[in-house]
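The following exercises concern a single protein chain.

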Amino acid sequence: MLMIRAIIRPEKVGIVLSELCDAGFPAVTKVDVMGRGKQRGVKVGEVFYDEIPKEMLMIVVKDEDKDDVIKIIMKNAKTGTNGAFGDGKIFVSPVEEAYTISSGENGL
């Protein structure tokens, strides 16, 4: 199993979640986060914003589903055809075990 964490623009969350669900990946945790990337924030006029609102989506999938989920996120979280600074980042890490609390069942 793998955990995919995607940090994306808030305005892209709806379409990303819809496309993930349509592709058979309905189980997602969404968290409001603040942060900045390599560009170190944004300057608008005389005001500098070093913490920018983003959304983090966390999805645990079978290893063989990783590429499909990443493609869906990449396609739908990108701004325009070429993308833009601030579109986000995707992180993938291993998950050793997962349990359903209500049943005690191990696995997805």
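**Exercise 1. Surface and overall form**

Solution. The model is a predicted one.
- Step 1. As for extent, the C-alpha trace spans about 55 × 25 × 20 Å along its principal axes.
- Step 2. The protein has 108 residues, and 25% of them count as buried.

**Exercise 2. Secondary structure and charge**

Task: State which pattern of helices and strands the protein follows along the sequence, and how far apart the centres of its positive and negative side chains lie.

Solution. 
- Step 1. The protein contains 2 helices and 6 strands.
- Step 2. In sequence order these elements give β-α-β-β-β-β-α-β.
- Step 3. Among contacts with a separation of 6 or more, 71% join residues 24 or more positions apart.
- Step 4. There are 15 positive and 17 negative side chains, with 9 Å between the centres of the two sets.

**Exercise 3. The largest pocket**

Task: Which residues lie nearest the centre of the largest pocket, and how many residues line it?

Solution. 
- Step 1. The volume of the largest pocket is about 400 Å³.
- Step 2. Its lining consists of 16 residues.
- Step 3. Nearest the centre are Arg36, Gly37, Gln39, Gly88 and Lys89.
- Step 4. Strands S2 (29-35) and S6 (88-94) each contribute at least two lining residues.

**Exercise 4. A loop residue**

Task: Is Arg9 buried or exposed?

Solution. 
- Step 1. Arg9 is located in the loop between strand S1 (2-8) and helix H1 (13-22).
- Step 2. The relative accessible area of Arg9 is 18%, and the cut-off for burial is under 20%, so Arg9 is buried.
- Step 3. Beyond its neighbours within four places in sequence, Arg9 contacts Lys54, Thr79, Ala84, Phe85, Gly86 and Asp87.

**Exercise 5. Separation in sequence and in space**

Task: What are the C-alpha separations of Phe91 and Ile7 and of Thr100 and Lys89?

Solution. 
- Step 1. Phe91 is in strand S6 and is partly exposed, at 40% relative accessible area.
- Step 2. Phe91 and Ile7 are 84 residues apart in sequence, with a C-alpha separation of 8.5 Å.
- Step 3. Residues up to four places away in sequence not being counted, Phe91 touches Met3, Ile4, Arg5 and Ile7.
- Step 4. Thr100 belongs to the segment after S6 and is partly exposed, with a relative accessible area of 33%.
- Step 5. Thr100 and Lys89 are 11 residues apart along the chain, and 28 Å separates their C-alpha atoms.
- Step 6. Neighbours within four places in sequence aside, Thr100 is in contact with Glu105 and Gly107.

Methods
Residues are numbered from 1 along each chain as its sequence is written. This is a predicted model: local features need pLDDT of at least 70, side-chain atom pairs count only at pLDDT 80 or more; totals for chains, interfaces and linings use all residues. Side-chain values use heavy atoms; hydrogens and water are left out. Helices (H or I, at least four residues) and strands (E, at least two) are DSSP runs, numbered from the N terminus. Buried means under 20% relative accessible area, exposed over 50%, partly exposed in between (1.4 Å probe, protein chains only). Contact means heavy atoms within 4.5 Å. Lys and Arg count as positive and Asp and Glu as negative; His and the chain ends are not counted. The place of a charge is taken as NZ of Lys, CZ of Arg, CG of Asp or CD of Glu. On a 1 Å grid over the protein atoms alone, a cavity is a set of points where a 1.4 Å probe fits but cannot get out, and a pocket is an open set with protein on both sides within 12 Å along at least five of seven lines; lining residues have an atom within 4 Å of a point. Grid points are joined across faces, edges and corners, and a volume is the space filled by probe spheres set on the points.
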